[in-house]
Amino acid sequence: MPRLWRTLLTLLCAAALVFLLWRSPPKELKDFLTDTNETASNYPTTYILGARTLQYTDSGRLDYTLNAQKINYFETNITTQPEVILEQPHLIIYDQQTDDAPWVLSAKTAEGNEKTDELILIDDVVIKQTQKNGNRTQFKTTLLRIEPSRRYAETDKPVIITDITGTTQATGLKVFFDEKRIELLSNVRGTYAASQ
């Protein structure tokens, strides 16, 4: 068989195979071709290592800083899926009224979504606040939802609060950073050291 005929036969077979796959592709191929948003949203479009963000108020004061070991950005139209996933986030929220020590928040991971203007800290969430007298209060929980623009955070998960006086446990917490106010929502129990 001459070379030309073999080439034409090969091209004809390849075209027939492409036509058959296009008309009735295997399920996996069909899913991949028709559901590109879902497939693409599983992989980050961009990532940043050693990220640091500084946010200032309109008057020029430092509002908060956000550091992360790695930030993954995703392109998604699904509102329940985060657009951003941060590894080892470290957030510092500064006092806007005085020069008191800032609130320091950290976690294993965090998820964010620009549409809702919130950041959700997940796993080993720790909040630290130092008082004017140098005493430190520490809060631990498994999940904390933060709205940086409102300077507010909340959780409905169990919380353990430790300070110089003892330990308090509760279910649910609201933090109003500007007011330096904390609300414990339910099941509040405490163990305190006797004063001397």
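**Notebook: aromatic pairs and a pocket**

I began with F176, which counts as buried at 17% relative accessibility, since the cut-off for buried is under 20%. I keep in mind that this is a predicted model.

Next I looked at what lies around F176. I found that F176 and Y152 form a tilted aromatic pair, with 5.3 Å centre to centre and 55 degrees between the planes. Y152 is in strand β9 (residues 152-163) and F176 is in strand β10, so this pair ties together parts that are 24 residues apart in sequence. I looked up Y152 too, and it is buried, with a relative accessible area of 6%.

Then I checked for charges over these two rings. The charged end of R181 sits over the ring of F176, 4.0 Å from its centre. R150 lies over the face of Y152, at 4.5 Å from the ring centre.

How many aromatic pairs does a search of the whole structure find? I noted 2. W103 and F177 form an edge-to-face pair, 5.2 Å centre to centre and with 75 degrees between the planes. W103 belongs to strand β5 (residues 103-106) and F177 to the loop between β10 (166-176) and β11 (181-192), so the pair links parts 74 residues apart in sequence. I see that W103 is buried at 5% relative accessible area, and F177 is buried at 3%.

My last entry is on the largest pocket, which holds about 500 Å³ of space. It is lined by 19 residues, and Y64, L66, D117, L119 and P148 are the closest to its centre. Strand β2 gives the largest share of the lining, 5 residues. I sorted the lining into 9 nonpolar, 5 polar and 5 charged residues.

Key: Residues are numbered from 1 along each chain as its sequence is written. This is a predicted model: local features need pLDDT of at least 70, side-chain atom pairs count only at pLDDT 80 or more; totals for chains, interfaces and linings use all residues. Side-chain values use heavy atoms; hydrogens and water are left out. On a 1 Å grid over the protein atoms alone, a cavity is a set of points where a 1.4 Å probe fits but cannot get out, and a pocket is an open set with protein on both sides within 12 Å along at least five of seven lines; lining residues have an atom within 4 Å of a point. Grid points are joined across faces, edges and corners, and a volume is the space filled by probe spheres set on the points. Helices (H or I, at least four residues) and strands (E, at least two) are DSSP runs, numbered from the N terminus. Ala, Val, Leu, Ile, Met, Phe, Trp, Tyr, Cys and Pro count as nonpolar, Asp, Glu, Lys and Arg as charged, and the others, Gly among them, as polar. Rings of Phe, Tyr and Trp (its six-membered ring) pair if their centres lie within 6.5 Å; planes under 30 degrees apart count as stacked, over 60 as edge-to-face and the rest as tilted. Buried means under 20% relative accessible area, exposed over 50%, partly exposed in between (1.4 Å probe, protein chains only). A charge sits over a ring if NZ of Lys or CZ of Arg is within 6 Å of the ring centre and within 35 degrees of the ring normal.
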